[in-house]
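Colleague: I'd like to learn how to read this model. Could we take it one feature at a time?

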Amino acid sequence: MILCRITGNAIAVEKHPCYEGKIVLVCQPIDTAGKDLGRVFLAVDAVRAGEGDTVLASREGNTARQLTGKDSDPIHSVVLAVVDRVEMNDGTVLDGATRR
Amino acid sequence: MELARVVGTIVSEQKYTGLQGVKLLLVQPVDASLAPKGEPLVVADRFSAGIGQVVWWVGGREAALALTETFVPVDAAVVAIADDVYTGGKLARPEGKT
């Protein structure tokens, strides 16, 4: 699972039928300080997350298919939790509710 | 799944039987503002995406599932042609769309 911030969503008219009615979110991987890490990716929403939310996303097909569809659906990543906060051993806290 | 812009097509006559008729596209991954980021790659496509269009593609086992023939050696495939991408309250729209 990857710690991410939702930066928005993507819309497509022409798509694989398994994406009908699903929300596809743009996820920016972040570190525990909230700093961006690498390139954004897309994930199907399973927890009604929205823009600005800190979330956990999984980039593994089995998880994604279990949560969002059938076994034969080409869905590879899914948003599976909204993070409230990340508490580190050194006492630092990343507040998940911080919206940008 | 990731966003990428179509930058070319691959022509290959001799390929695995299950891949006959499957279009192969060269795509350039993009960030949320649709600016190029990272290294180009080849993806299989059944949606007939054109050059310049922004697609979203899946990798891994799910790539083959996105095609009509699902037991094929493919590790990246297009699952949709992106129309709009909203990020940070802003709309990024692929070129050629109004």
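Colleague: How many helices and strands does chain B have?

Modeller: Helices (H or I, at least four residues) and strands (E, at least two) are DSSP runs, numbered from the N terminus. Chain B has one helix and six strands, in the order β-β-β-β-α-β-β from the N terminus. Bear in mind that this is a predicted model, where local features need pLDDT of at least 70, side-chain atom pairs need pLDDT 80 or more, and totals for chains, interfaces and linings use all residues. Residues count from 1 along each chain as its sequence is written, while chains are lettered from A and ligands numbered from 1 in the order written.

Colleague: And which residues of chain B touch chain A?

Modeller: Two residues are in contact if their C-beta atoms, placed from the backbone, lie within 7 Å. Here chain B gives 30 residues and chain A gives 24. On chain B, strand 1 (2-10), strand 4 (54-59), helix 1 (61-65) and strand 5 (76-87) each supply at least two. Strand 5 has the largest share, ten residues.

Colleague: What does B:Val55 contact?

Modeller: Leaving aside neighbours within four places in sequence, B:Val55 contacts residues including B:Ala4, B:Val27, B:Val78 and B:Ala80.
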